Amino acid sequence: MLSVRDAVQHMLDSVQPITESETVFIADAVDRVLAQAIHSTVDIPSYDNSAMDGYAMRADDVATPQQTLTLVGQALAGHPFRGTLKAGECIRIMTGAEVPSSASAVIPQEDTVVDANIPQQILFTTAAKDGQNIRRHGEELKVGAPVFASGHRFTPVDIGLLASLGIADVNVHRRLTVALFSTGDELVAPGHSKRSDQIYDSNRFVLHAMLERLGYQVLNLGLIPDNKQEIADAFMVASARADAIVCSGGVSVGDADYTKQVIDELGAVGFWKVAMKPGKPFAFGKVNGTWFFGLPGNPVSATVTFQQLALPTLQRLAGERDQEPVLIQAVAGEPLKKRPGRADFQRGILRYENGENRVYSAGPQGSGMLSSLVQGNCLIRLEQDRGPVEAGESVVIQLLGTPIK
Ligand code: AMP
Ligand code: MG
């Protein structure tokens with residue numbers, strides 16, 4: 001059996017990122033993958049400005065508390081003070097307003113006393129420190145500083161940073177197109193009546209939603225029966241129109257596992273036994289020049305193998321930089337069943353309790369039971385060689401974030 005790490009490495013080594021790119025408005029760039037590194041073309045902030053509502057002055061004038069200065073003007077955001085502050089003078093200043101070069105500190109309004117009869121005289125109850133409450137020109141970013149590396153996938157806050165740099169358009173990789181279908185004679189689409197020996201197709205919905213969240217275009221080819229010709233037709237359509245094909249079911253060694261039989265004839269695909277649970281059967285390779293990921297049919301297996309095996313490779317294909325999953329250490333809050341031989345990805349519930357991360361099983365761990373993925377907030381990653389876990393033992397957690405939840 002292939003280890004998860006080796007399987008992923010093999011796939012990563014096989015694929016080349018797509019090269020086509022396009023220019024999009026930043027508001028449309030969330031979840032798109034940057035095709036060219038971005039460096040700052042401006043200094044941020046672009047001028048010294050006040051971090052507080054208060055008064056600006058020369059810090060020397062308020063070297064000790066209880067000094068009084070004369071108010072000579074004001075600076076509002078977007079409306080700078082044009083004069084020069086002299087000794088003994090101060091100006092009213094608002095957050096974000098430019099601090100004149102003649103001032104060297106800002107004292108917040110809370111630390112002042114103003115007598116309504118002599119409003120031009122401001123008493124400062126605290127001393128000023130040089131540079132206090134001034135956000136300095138260029139302190140966050142300087143011209144030329146690297147901002148985003150090529151392969152970066154944009155989040156909402158990234159778009160904010162782009163906007164603050166004055167950038168309106170970015171060059172991103174074109175979206176990946178991923179063809180998707182389910183196979184299985186027992187499957188019925190939700191919304192239709194079914195016999196008691198049939199089940200509803202859930203994989204296609206989970207996978208479609210995950211692929212869309214990843215920013216890919218999904219070509220949903222529906223439900224394909226266990227029929228060699230129909231499966232072959234689906235592969236022909238999919239490979240003509242998509243960069244990658246994701247399908248579930250039929251990659252095992254059962255009598256009706258036609259996907260395997262068809263692909264054996266059509267393409268260069270490896271059928272692997274990956275040492276993971278849930279999972280194990282998994283197929284990867286090329287069909288008519290299009291990458292193919294064959295996931296096991298059981299819904300938890302399909303979801304977890306998609307996340308652990310297919311996703312890193314799809315991301316590389318889409319031009320995204322490789323990322324290691326963020327792993328967290330936790331203490332098992334209860335015993336966990338585990339047999340050596342395969343790496344387990346158990347569905348868990350992570351809670352911060354009594355000053356530590358504790359993780360509990362999210363319920364029955366059958367590879368067909370989506371409810372445990374619904375209940376859980378993390379995967380408990382138990383190493384391949386590990387045996388049963390006692391309460392109190394240390395385990396490694398991966399939060400179930402995007403795209404699963
Ligand atoms: P297979 O990988 O085709 O042998 O299927 C393994 C198990 O997963 C069987 O119990 C199937 O009925 C179930 N299964 C396969 N595809 C789906 C699907 N799209 N949605 C829900 N369950 C499925
Ligand atoms: Mg099947």
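**Note on the predicted model: loops, helices, strands and the ligand site**

1. Asn133 is found in the loop between β9 (121–124) and β10 (134–135), where helices (H or I, at least four residues) and strands (E, at least two) are DSSP runs numbered from the N terminus. The phi of Asn133 is near 60 degrees, which is a positive value in a residue other than glycine. Asn133 is partly exposed, with a relative accessible area of 22%; in this note, buried stands for under 20% relative accessible area, exposed for over 50%, and partly exposed for what lies in between, with a 1.4 Å probe and protein chains only.

2. Some conventions should be kept in mind while reading. This is a predicted model, in which local features need pLDDT of at least 70 and side-chain atom pairs count only at pLDDT 80 or more, while totals for chains, interfaces and linings use all residues. Residues are numbered from 1 along each chain as its sequence is written, chains are lettered from A and ligands numbered from 1 in the order in which they are written, and side-chain values use heavy atoms, with hydrogens and water left out.

3. Gln66 lies in the loop between β4 (54–57) and β5.

4. Two cis peptide bonds deserve a look. The bond from Ile44 to Pro45 is cis, with omega near -10 degrees, and Pro45 lies in the loop between β2 (38–39) and β3 (49–50). The bond from Thr402 to Pro403 is also cis, with omega near 5 degrees, and Pro403 has its place in the segment after β26.

5. Which residues of helix α3 are buried? In α3, which spans residues 203–213, they are Asn203, Arg204, Leu207, His208, Met210 and Leu211. Seen down the axis of α3, these buried residues fall within an arc of 165 degrees, so they line one face of the helix; the arc is that of the directions from the helix axis to the C-beta atoms. As background, an α-helix has 3.6 residues a turn, so residues three or four places apart point the same way. The cover over the buried residues of α3 includes β13 (177–183), β16 (217–224), β17 (244–248), β21 (290–295) and α6 (299–317), contact being taken as heavy atoms within 4.5 Å. Gly215, whose phi is positive and near 90 degrees, follows α3.

6. Helix α6 also holds Thr313, a buried residue with a relative accessible area of 0%. Not counting residues up to four places away in sequence, Thr313 touches Met11, Leu12, Val15, Phe284 and Phe293.

7. Thr84, by contrast, is exposed, with a relative accessible area of 57%, and lies in the loop between β5 (67–75) and β6 (89–93). Apart from residues up to four places away in sequence, Thr84 touches Glu89 and Ser102. The C-alpha atoms of Thr84 and Ser102 are separated by 5.7 Å, although the two residues are 18 residues apart along the chain.

8. Is Ser104 buried or exposed? Ser104 is buried, with a relative accessible area of 18%, and is found in the loop between β6 and β7 (105–108). Leaving aside neighbours within four places in sequence, Ser104 is in contact with Met57, Arg58, Ala59, Lys129, Asp130, Gly131, Gln132 and Ile134.

9. Strand β26 (residues 394–399) runs antiparallel to strand β22 (residues 327–332) and is joined to it by 5 bridges; two strands are said to pair if DSSP finds at least two bridges between them. In this pairing, Leu327 stands opposite Gln398 in β26. Strand β26 also pairs with β25 (residues 378–382) in the antiparallel sense, over 4 bridges, and there the bridge partner of Arg381 is Val396.

10. Ligand 1 has 16 residues around it, of which Glu186, Asp201, Gly250, Gly297 and Asn298 come nearest, a residue being counted as near if one of its heavy atoms lies within 4 Å. An N or O atom in the side chain of Glu186 is 2.5 Å from an oxygen atom of ligand 1. From the backbone, an N or O atom of Gly250 lies 2.9 Å from an oxygen atom of the ligand, and an N or O atom of Asn298 lies 3.0 Å from an oxygen atom of the ligand. Taken alone, ligand 1 exposes 480 Å², and the protein buries 76% of that; accessible areas come from the Shrake-Rupley method with a 1.4 Å probe.

Definitions and conventions: A polar contact is a pair of N or O atoms within 3.5 Å; within protein, one must be able to donate a hydrogen and the other to accept it, and residues adjacent in sequence count only if both atoms are side-chain atoms.
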